[in-house]
Amino acid sequence: MDSELWAKGVFPARFIERLAARGNIVSDRPFDADQVQPASLDLRLGKIAYRIRSSFLPGPEHTVAERIETLKLHELDLTNSAVLERGCVYLVPLQESLNLPDTVSAGANPKSSTGRLDVFTRVIGDHARGFDTLPHGYKGPLYLEISPRTFPVRVRTGSRLSQMRFRVGDSRLTLFEHKSLHNVETLVFDANAEVGEGVLLSIDLKGTDRNGLIGFRSKRHTPVIDMDIKDNLDVLDYWEPLIKRGTDEFILDPDEFYILVSRESVHVPPAYAAEMVPFDPLVGEFRVHYAGFFDPGFGHSAAGGTGSRAVLEVRSREVPFLLGHGQTIGRLIYERLAEAPDRLYGTGLGSNYQAQTLKLSKHFKPFAI
């Protein structure tokens, strides 16, 4: 019955709302007005955060609650907010739990604003063998592991740091399908762009449309960032602007966090979604883009964009790494929706990053040099 009811592909918003109406997504509170995105659901923090000794996976023999009892150091009350310190690991029961149909699976990723603050998050379920993945038919609670890497952050009950997609089967495009879709819909606005097993994105280190600004490097020992307050913080209290200086190359320092931007503008057509591959050893020893979901309509002209740059959250791994302008730095994989969406990214949703170029998270005031 479920295979007849749920079409193959990533679920659009109305399918997610149908899951909730059927009791497949469970919460003791109704969804927030903007909680359901075009092809994903924002997940809300519950009332308690557990400071734990280490990250973990429960494995097939244990629930997450059983592991918490052996690993927790102390508890934080989130009902009136609490500060999560950088370098620490926290686990928070989420308000949403799942009772998925047998054919439906789920996957999670940090929200864009979470990734742009270098807050590392992963969803865990009972008996899980992997992070951010819930198998088809999963029934049980959800927990969010949170580890601020760069800034201390303030969160509270209801804060939304992660998002979840639901799907039936594997609807990722093949090499041929990526090429065919690009020929019809133009997935990347660059005549020299390479489209094969996804769309390859390169780095912009010229900054010609931003007065030479090529990115930002995070500062250390900053004030706290409230994850729920927008347009409130001065950029220079938290970031060092990076300005092009006579060369099209830049060295990433280990253990530093950077906000950079793709040279290309990308487009996610309405009937598709996309996801950035976070670490690809084929393009270098660094991790790029914690927040991997691109909703249908990102960069789409009818939704207020004519292609949007991909903002890249970059952290080098172990060794300094030299980047050059136009060097491949990431790969975007497209997949089909189960059905045409009833809303697009940017269209009446208050989307923060439509038609973006180089842009910090929504918490910061506009910045220009």
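This is a predicted model: local features need pLDDT of at least 70, side-chain atom pairs count only at pLDDT 80 or more; totals for chains, interfaces and linings use all residues.
A salt bridge is a side-chain nitrogen of Lys or Arg within 4 Å of a carboxyl oxygen of Asp or Glu.

## Salt bridges

Across the whole structure, a search finds 31 salt bridges. Three of them are set out here.

| Pair | N to O distance |
|---|---|
| Asp 226 and Arg 156 | 2.9 Å |
| Glu 335 and Arg 167 | 2.8 Å |

Take Arg 29 to begin with. Its relative accessible area is 38%, so Arg 29 is partly exposed. Arg 29 and Asp 32 also belong to a network of salt bridges. Asp 34, Asp 42, Arg 44, Glu 96, Lys 111 and Arg 160 are linked in that network too.

Next comes the bridge between Asp 226 and Arg 156, at 2.9 Å. Asp 226 sits in strand 18 (residues 225-226), while Arg 156 sits in the loop between strand 13 (153-155) and strand 14 (160-168). The pair therefore ties together parts that are 70 residues apart in sequence. Is each partner buried or partly exposed? Asp 226 has 15% relative accessibility, so Asp 226 counts as buried. Arg 156 has 24%, so Arg 156 counts as partly exposed.

The bridge between Glu 335 and Arg 167 has its closest N and O atoms 2.8 Å apart. This pair links distant parts of the chain, 168 residues apart. Glu 335 lies in strand 27 (residues 328-336), and Arg 167 lies in strand 14. Glu 335 is buried, because its relative accessible area is 5%. Arg 167, at 15%, counts as buried because the cut-off is under 20%.

## Two domains

How is the chain divided? The domain assignment gives domain 1 (9-168) and domain 2 (175-336). Their C-alpha centres lie 25 Å apart. The two are in contact: 34 residues of domain 1 meet 30 residues of domain 2.

UniProt, in an unreviewed entry, lists residues 8-169 as "domain: 2'-deoxycytidine 5'-triphosphate deaminase N-terminal". That span is 46% strand and 13% helix. The C-alpha atoms at its ends lie 6 Å apart.

## Nonpolar cores

In soluble globular proteins, nonpolar side chains tend to be buried together. Here the largest nonpolar core has 56 residues. Which residues have the most contacts inside the largest core? They are Phe 11, Leu 45, Leu 98, Met 164, Phe 166, Trp 239 and Phe 364. At least three residues of this core come from domain 1, and at least three from domain 2. A second, separate core has 31 residues, including Leu 201, Ile 203, Leu 260 and Ala 310.

Phe 166 deserves a look of its own. Leaving aside residues up to four places away in sequence, Phe 166 touches Gly 9, Val 10, Phe 11, Ile 16, Leu 19 and Ile 25, among others. Its contacts also include Leu 41, Leu 98, Leu 100, Val 104, Ser 105 and Ala 106.

## A buried serine

Where is Ser 316? It is in strand 25 (residues 308-316). Its relative accessibility is 4%, so Ser 316 counts as buried. A polar atom of the Ser 316 side chain lies 2.7 Å from the backbone oxygen of Val 319.

Key:
Residues are numbered from 1 along each chain as its sequence is written. Side-chain values use heavy atoms; hydrogens and water are left out. A nonpolar core is a set of buried Ala, Val, Leu, Ile, Met, Phe, Trp, Tyr and Cys residues joined through side-chain atoms within 4.5 Å. Buried means under 20% relative accessible area, exposed over 50%, partly exposed in between (1.4 Å probe, protein chains only). Domain bounds come from an automatic or database domain assignment. Contact means heavy atoms within 4.5 Å. UniProt positions are given in the numbering used here, feature names are shortened, and annotations may be inferred rather than shown by experiment. Helices (H or I, at least four residues) and strands (E, at least two) are DSSP runs, numbered from the N terminus. A polar contact is a pair of N or O atoms within 3.5 Å; within protein, one must be able to donate a hydrogen and the other to accept it, and residues adjacent in sequence count only if both atoms are side-chain atoms.
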